[in-house]
Amino acid sequence: EVLAQEPLGAFLVRESSSKPGCYALSLRVPTDFADGGIAHYLIIRTTRGYRIKVNKNSFGLSKRETVT
């Protein structure tokens, strides 16, 4: 994995291979937070901006908060 050797807080955003039209966010975290030290999130585009899906929850990001 690309992030395994990176410092905590390093992240990678890529197109999702399992959800077309979405993005995958992988984040280097402590191993007590996520197995293997990598947490994965789904970024979903909506008409109002983007949402980050975390397990069964999601958090909205307005277009203003979006980094391009």
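Predicted model: local features only at pLDDT ≥ 70, side-chain atom pairs only at ≥ 80, totals over all residues.
Me: Which elements make up the secondary structure of the protein chain?
Reply: There are 0 helices and 5 strands. Read from the N terminus, the order is β-β-β-β-β. Buried residues account for 28% of the 68 residues.

Me: Why is Ser-26 called buried?
Reply: Its relative accessible area is 4%. Buried means under 20%, so Ser-26 counts as buried. Ser-26 sits in strand β2, residues 23-28.

Me: What makes the pair Ser-26 and His-40 a polar contact?
Reply: The side chains of Ser-26 and His-40 are joined at 3.0 Å. The cut-off for a pair of N or O atoms is within 3.5 Å, and the value of 3.0 Å meets that cut-off.

Me: Which residues is Ser-26 in contact with, leaving aside neighbours within four places in sequence?
Reply: Ser-26 is in contact with Leu-3, Ala-10, Phe-11, Leu-12, Ile-38, Ala-39 and His-40. Contact here requires heavy atoms within 4.5 Å.

Me: Why does Arg-51 count as partly exposed?
Reply: The relative accessibility of Arg-51 is 33%. Partly exposed lies between the 20% limit for buried and the 50% limit for exposed, so Arg-51 is placed in that class. Arg-51 belongs to strand β4, residues 49-54.

Me: How far apart are Arg-51 and Cys-22 in sequence and in space?
Reply: They are 29 residues apart in sequence, with a C-alpha to C-alpha distance of 9.9 Å.

Definitions and conventions: Residues numbered from 1 in each chain as written. Heavy atoms only, no water. Helix = DSSP H or I, 4+ residues; strand = E, 2+ residues; numbered from the N terminus. Buried < 20%, exposed > 50% of the residue type's maximum accessible area, 1.4 Å probe, protein only. Polar contact = N/O pair within 3.5 Å; in protein donor to acceptor, adjacent residues only side chain to side chain.
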